[in-house]
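Hi everyone, thanks for making time. Let me put the structure up, and then I'll walk through a few bits of helix packing and sheet layout.

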Amino acid sequence: MLRRRLNRLFGGDERRVDNRTIYVGPRTYSATEAPKFCDNRIVSSKYTVWNFLPKNLFEQFRRIANFYFLIIFLVQVIVDTPTSPVTSGLPLFFVITVTAIKQGYEDWLRHKADNEVNKYPVTVLEGGQSIRKESEKIKVGDVVELEEDETFPCDLILLQSCREDATCFVTTASLDGESNHKTHYAVSDVEKDLESFSGTIECEQPQPDLYKFVGRIHIDKKEQEPVVRSLGPENLLLKGATLKNTQKICGVAIYTGMETKMALNYQGKSQKRSAVEKSINAFLLVYLCILVSKALVCTTLKYVWQSKPGQDEPWYNEKTQREKDSNLYLKMFTDFLSFMVLFNFIIPVSMYVTVEMQKFLGSFFIAWDKDFFDPEINEGALVNTSDLNEELGQVEYVFTDKTGTLTQNNMEFIECCIDGFQYNYRDANSELDGFCVTDGPVNKLQQKAGREKEELFLRALCLCHTVQVKEPSDQVQGHQDGLADQVDGLRPDGDVASAPQETRVFIASSPDEVALVKGAMRYGFTFLGLESKTMKILNRNKDVEKYELLHVLNFDPVRRRMSVIVRSSSGDTLLFCKGADSSIFPRVKPEEVERIRTHVERNATEGYRTLCVAYKKLSEDEYMQAEAGLREARLALQDREEQLMAVYNQVETGMSLIGATAVEDRLQEQAAETMEALQGAGIKVWVLTGDKMETAKSTCYACRLFQRNTELLELTVRTLENGEMRREERLCELLQEYHKKAVQDAPSFRAGVSRSWSSAGKDYGFIIDGATLSMVLNTSHYKSLFLQTCQNCTAVLCCRMAPLQKAQIVKMVKNSKGSPITLSIGDGANDVSMILEAHVGIGIKGKEGRQAVRNSDYAIPKLKHLKKLLLAHGHLYYVRIAHLVQYFFYKNLCFILPQFLYQFFCGYSQQPLYDAAYLTMYNICFTSMPILAYSLLEQHICMEVLLDNATLYRGIAKNHMLRWGPFLYWTLLGVFHGLIFFFGVRFLFSNPALQDNGQVFGNWSYGTIIFTVLVFTVTLKLALDTRHWTWINHFVIWGSLAFYVFFSFFWGGIIWPFLKQQRLYFVFANMLSSVSAWLVIILLILLSLLPEILLVVFRKPRGPHARQKKLVESGAGGHQSPQSSARPLLMRTFSDESNTVI
């Protein structure tokens, strides 16, 4: 990236303008003229061998906890502190090393992937010869030759193709996940012999949009003026895409290396932080305040105590002259730092690395879940980020797309309407031509449009699209492609098509287009394909009609329509247009609209996707004017999109409406059950779609988001139409009316609750369209009323939404009062904006490409998997990590409180209570593995019960387990245990004779007994909290305790030559030789855990766990579950009949 920035600074004037000029072919440059572009190396790695250490350390010490422990370590090194620098340095070194190894390994994988790409051999045409080069040596302006199934090494302009129609097929699965074949066109007027080709390309500077490109090429001709041709996305072959169904092509490199569109899209998404991280930071501040308070108290009391006569300089410890001459305030500050060092272990530095490991390892459980595997696409769930696992258990709002998410995006042609008459294919068995009329509301029985209108409509369906017909030789491969669709050539008249059309495979970027071409095929009009700009149709009479394709006016979300301009064999120039009714009706003759509108509205109400079809016969003057406008717009380098839009709008006027189509998009499997479960969990569901209101409303009813008794509050352009009032006034009136209904007149307890748990009051559903939403969002008062109303509705439907509006809705709710956790789920490129905006983004591996998947945090094959992802995995992830965080603070408070109390009995001399080895290894070895295993494997409620009882999700809503109440409970528990440890052992030491020989224990024995009680108590506390026992839990819990005992014997049983003083030499073995020590250790452990044991044993079963037991027993016919019967009796008591998770 630095090299790229330097290039921009020193690359000459070319870098400072909006366009770049590229010379193709032989040309000599002077040193100043030679354009400077970056090379073709891809660099996705962060580090090199030389900068890894400084750069990684800098990034790690930007984290506050790491920096804090670094300061503590430096203080221990510089100041004469009571503990060794090893006690802080070793844990810090462990955390830094583990993180560095993880990040270094990930970067090594990136280096490896970069080298595979950069060293890939390619063929470059130089001096009339084909030369094999490494990919990284390609320069801008080089002509590259590629063969079928090769991947493009950089962004190329297609100059030549071996196909007769000068096209090539490309798959962009590695870029946007779309496995369907896209057609790209070679630049016209390029000589076949590229050895002598010479030209100049002017194009825009590199930018990341995969679907936009603006440029033009000047082709040099011998003794002639250069020919100018426009360049667009259809001529651009993107790096990472793969050549298909084309034997060989040649293209010129225009963007290389880090300036390719793929590289520009390789950027991290904005960092999303979970609510748990925010809670950790808040708790850290509290414990930091406790730490500073302890250090201040001890420093103050030390000097108060020393101010008494004889205490500051006793006879046995006279001060040196240097100590007498030292500055008092400097000495006080040094003592304060020493106390900070002594108590610093209250801040759990190892918690960060444990949390990271828990998130990273825990994410594999989602990827490994067999229930998420979909045999249709042969894929399971995908985790793009593991930082948000626990956020899945805190979702309050779900924003979902409709097409491809709630529905299958698997289109089936149902019926059509031609000139006001309805044609339903499902009853097409009585007419020879395959048409039959059903009882439409404006139809007369057995009436239909004229044959001429029918054929015109079918020709429009066969011509107005971008569908490709795959060659029969490639049909086997076609089955594996995303939108390849096999259609039998059997026509309604009973005849079978000739052999070449027996099976046809259609390839398109949208399943709608395939469905419409199939629909026309059922009625006798078969699209045969496009060859050399000629579209061929097989009509009812089995005659082949040919049309010259002049222009394609591409579909875009703003226009919501697409058109083609063709010339028939008779010389007529025709424009065929299809699109949404809202974009077609204003552009046709008004008298034609009413005949079609009734059918369109009825079909939309039935849940079908509707498209209107229109045509226009262009005169020669009209066509020449459109041709000139399109040519001029396509050659423009600035504002090309706007100029093209103006020409499109000009030519697509005054059309004649022919008819409309109805295509069914079936609901996703278990879509209704999933939506019902989410609402039962207290989650609000908003549907954001670009589809028609009637279609979307029907889908919402089918998904049970709206019930038959739901009162719908509609705020659309239709409801705002009031002849007596201006739109703004009507909008204000309706908003206030709806707000009064849903908010002011609603029972106070209703706010924020869902239908499934509020029997009182009426259910409301809200419907708004894109045009009205724009008016609402422009005024803060309207916005506030709208938001409050929607938050009190059981479901909200936003239709006719632009992608940007979807993101605006999500942002509005995300930033509302209480900052609710939001989740967006979608399957298409138009859902990316809302997926990135939400706290959690879910991509569906659907049929509209993989852009949503690439930009999401998690990806699942189908909507039904969202239920388990949230209600089971999300619930468990949150409970696990919440318990991990609270437990870490608790065990460190237990650890340091006795050290603080000890200062009151040692003259505030900063005497350590524990040995340096214990201080170092407490968080790293003795107590780290049990909580990590718990946070990965714990199931306080089994998954089946969580899925069957969606209401259990509400019990952890709004960060319930990391609020100040549970935090205070854990803190008080830590204080209680710390007091018992210290004063219990002190009571034991009040007996002067503790050993058989009459000797007393020393201060290191005192600390070792406390530490032993501490380690056993906090570990057994976690064992009591464990509900789901596996062999791993048993291994790490009992193994950690055994390791502590073994280590203590080992550490104290050998004279270590590298230690100047060995405080624990035979202390542990000597301690265990005392019956009194054994007794006090066992009694203090039981006394610490006794309240919780009694609470668990004698408390009546209640809460979700009691419900779980009841459900399990009833589901098993009164028998115990296998999981329960396999547990030890004591553990079963704690697991199945308690609810100790706070």
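So, where do we begin? Helix α28 passes helix α32 in a right-handed crossing. Quick word on the convention: a crossing is right-handed if the near helix is turned clockwise from the far one by less than a right angle, and left-handed if anticlockwise. As for the labels, helices (H or I, at least four residues) and strands (E, at least two) are DSSP runs, numbered from the N terminus.

Before going on, the housekeeping. This is a predicted model, with local features needing pLDDT of at least 70 and side-chain atom pairs counting only at pLDDT 80 or more, while totals for chains, interfaces and linings use all residues. Residues are numbered from 1 along each chain as its sequence is written, and side-chain values use heavy atoms, with hydrogens and water left out.

Back to that pair. α28 covers residues 916–926 and α32 covers 1003–1025; their axes come within 13 Å and cross at roughly 15°. Axes here are lines fitted to C-alpha atoms, for helices over the stretch in contact, and angles run from 0 to 180 degrees between N-to-C directions. α28 and α32 are therefore roughly parallel to each other.

Who touches whom? From α28 we have Y918, Y922 and F926, and they meet T1008, F1011, L1014, V1015, V1018 and T1019 of α32. Contact means heavy atoms within 4.5 Å. That set splits into 7 nonpolar, 2 polar and no charged residues. For the classes, Ala, Val, Leu, Ile, Met, Phe, Trp, Tyr, Cys and Pro are nonpolar, Asp, Glu, Lys and Arg are charged, and the others, Gly among them, are polar.

α28 has another partner, helix α4 (residues 85–118), packed at an angle of about 25° with the axes 8 Å apart. That makes α4 roughly parallel to α28. Their crossing is right-handed. On the α4 side you see V86, T87, L90, P91 and F94, meeting A916, L919, T920 and I924 in α28. By class, the α4 contact with α28 has 7 nonpolar, 2 polar and no charged residues.

Okay, sheets. For pairing, DSSP has to find at least two bridges between two strands.

Zoom in on β30. β29 and β30 pair in the parallel sense over 5 bridges, and L715 stands opposite I768 in β30. On to β31: β30 is joined to it by 5 bridges, running parallel, with I767 opposite L797 in β31.

How many residues of β30 are buried? It's 6 of 6, where buried means under 20% relative accessible area, exposed over 50%, and partly exposed in between (1.4 Å probe, protein chains only). Y764, F766 and I768 point one way from β30, while G765, I767 and D769 point the other way, and all are buried. In a regular strand the side chains alternate between the two faces of the sheet.

D149 has phi near 70°, a positive value in a residue other than glycine, and D149 sits in the loop between β4 and β5. K542 has a positive phi of about 65° although it is not a glycine, and K542 is in the loop between β22 and β23.

Methods:
Angles under 35 degrees count as roughly parallel, over 145 as roughly antiparallel, 65 to 115 as roughly perpendicular and the rest as oblique.
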